[in-house]
Amino acid sequence: MYEHLVVFRFNDQYEPSREEGLLSTLRALKGQIPGIADLTAGVNVTEETENIHGYTLGLRVTFEDQEALRQYGPHPAHQRFVSMLEGIIENVVVVDYPILP
């Protein structure tokens, strides 16, 4: 199994009213992309405000294996989500790691 963590920081063009659409699209990926074992996405509500650094949306995807993670990026459903970020994204941080027993 592999874990895929992503946090998003949006620019000034981002309207918070788009949040639910982005989250719905992310959550739907589990049913659209093979190899996803689990997926959660949500708004950053941490009370550690000094550590937010502008990152307001988070995604966690658990993949069955590394190959499923590799196939995720170019998958059309994922690419549709990526296209939704055009013009509104400032930065993205990604962390991928194997889940060890």
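Strand S1 (residues 2–10) and strand S3 (residues 55–63) pair in the antiparallel sense over 8 bridges. Strands pair if DSSP finds at least two bridges between them; helices (H or I, at least four residues) and strands (E, at least two) are DSSP runs, numbered from the N terminus. In this pair, Val7 stands opposite Gly58 of S3.

This is a predicted model: local features need pLDDT of at least 70, side-chain atom pairs count only at pLDDT 80 or more, and totals for chains, interfaces and linings use all residues. Residues are numbered from 1 along each chain as its sequence is written, and side-chain values use heavy atoms, with hydrogens and water left out.

S1 and S3 belong to an open sheet of 4 strands, ordered S2-S3-S1-S4, with antiparallel pairing. Its edge strands, S2 (36–43) and S4 (89–98), each pair on one side only.

Helix H1 (residues 19–32) lies across S1, S2 and S3, at about 170 degrees to S2. Axes are lines fitted to C-alpha atoms, for helices over the stretch in contact, and angles run from 0 to 180 degrees between N-to-C directions.

Leu59 touches His4, Leu5, Val6, Phe8, Leu26, Leu39, Thr40, Ala41 and Tyr72, not counting residues up to four places away in sequence; contact means heavy atoms within 4.5 Å.

H1 and H3 pack at an angle of about 170 degrees, their axes 9 Å apart. That makes H1 roughly antiparallel to H3, a label for angles over 145 degrees.

Methods
Parallel < 35°, antiparallel > 145°, perpendicular 65-115°, else oblique.
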